[in-house]
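I opened the model to note its fold, its confidence and a few residues. The entries follow in the order in which I looked things up.

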Amino acid sequence: MRVQGDPLRPGGLPHLVALVAAALVYAGCKSAPAPQATTIGWRPLGTWSGRGNEQTDSFNIETGQWRIKWEARNETAPGAGRLRIEVHSSVSGRPLGEAVEHTGIGHDIAYVNEDPRLFHLVIESSNEDWSVSVEEGVVGVPEGRQ
């Protein structure tokens, strides 16, 4: 006895092939889920200000991506101000590199890419006031876009 559409019986295989082909075409027509828009945000870790030299408190960087926002102002004489910011490992104390070397008044952002660990900054300044902020880069999905 032959059961119509039975793929194991003669004449039933074309029907099965047609069903599988239709399923594949249908699956291929589905749109892929839209990727979530990610962005980098900046988490504040510390802010310092002063005049003259200073070593900051230690701060922990977990992602390895961070930035230093700095400003130099109130020079005693035009062009006499100097600001230098050096990044140090708080684990070993050794200097890892110079982030800022600036003469005069100004402001900018210095980006740092170092392995995650504890850091501190050594700030050298003469003839001007300064302010420094450290922010860590974090990747996430903006609220309302999830």
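**Entry 1: layout.** Residues are numbered from 1 along each chain as its sequence is written, and side-chain values use heavy atoms, with hydrogens and water left out.

**Entry 2: confidence.** I checked pLDDT, the predictor's confidence in each residue, from 0 to 100. The chain has a mean pLDDT of 84, and 75% of its residues reach 70 or more. For residues 1-9 the pLDDT is below 50, and beyond near neighbours in sequence this stretch has nine contacts in the model (contact: heavy atoms within 4.5 Å). Where pLDDT is low, the predicted coordinates should not be read in detail.

**Entry 3: chain totals.** Of the 146 residues in the chain, 28% are buried; buried means under 20% relative accessible area, exposed over 50%, and partly exposed in between, with a 1.4 Å probe and protein chains only. I also took the contacts between residues at least 6 apart in sequence: 76% of them join residues at least 24 apart.

**Entry 4: the sheet.** I traced an open sheet of four strands, ordered β1-β9-β4-β7, with antiparallel pairing. Two strands pair if DSSP finds at least two bridges between them. At the edges are β1 (39-51) and β7 (106-113), each pairing on one side only. Neighbouring strands of this sheet are turned by 20° against each other on average, direction ignored; axes are lines fitted to C-alpha atoms, for helices over the stretch in contact, and angles run from 0 to 180 degrees between N-to-C directions. Within the sheet, β4 (residues 65-73) and β9 (residues 129-140) pair in the antiparallel sense over eight bridges. I found Glu71 opposite Ser131 in β9.

**Entry 5: aromatic rings.** How many aromatic pairs does a search of the whole structure find? It finds five, counting rings of Phe, Tyr and Trp (its six-membered ring) with centres within 6.5 Å; planes under 30 degrees apart are stacked, over 60 edge-to-face and the rest tilted. Trp66 and Phe119 form a tilted pair, at 5.0 Å centre to centre and 45° between the planes. Trp66 lies in strand β4 and Phe119 in strand β8, so the pair ties together parts that are 53 residues apart in sequence. Both Trp66 and Phe119 are buried. One aromatic cluster takes in Trp48, Phe59, Trp66 and Phe119.

**Entry 6: Asp57.** Where does Asp57 lie? I placed Asp57 in the loop between β2 (54-55) and β3 (59-61). Asp57 counts as exposed because its relative accessibility is 55%. Not counting residues up to four places away in sequence, Asp57 touches Trp48, Phe119 and His120. Asp57 and Phe119 are 62 residues apart in sequence and 8.4 Å apart in space, C-alpha to C-alpha.

**Entry 7: Ser125.** Ser125 sits in strand β8 (residues 117-126). Is Ser125 buried or exposed? Ser125 counts as buried, because its relative accessibility is 8%. A polar atom of the Ser125 side chain lies 3.2 Å from the backbone oxygen of Glu128. Leaving aside neighbours within four places in sequence, I listed Gly52, Asn53, Arg82, Leu83 and Trp130 as in contact with Ser125.

How values were computed
Predicted model: local features only at pLDDT ≥ 70, side-chain atom pairs only at ≥ 80, totals over all residues. Helix = DSSP H or I, 4+ residues; strand = E, 2+ residues; numbered from the N terminus. Polar contact = N/O pair within 3.5 Å; in protein donor to acceptor, adjacent residues only side chain to side chain.
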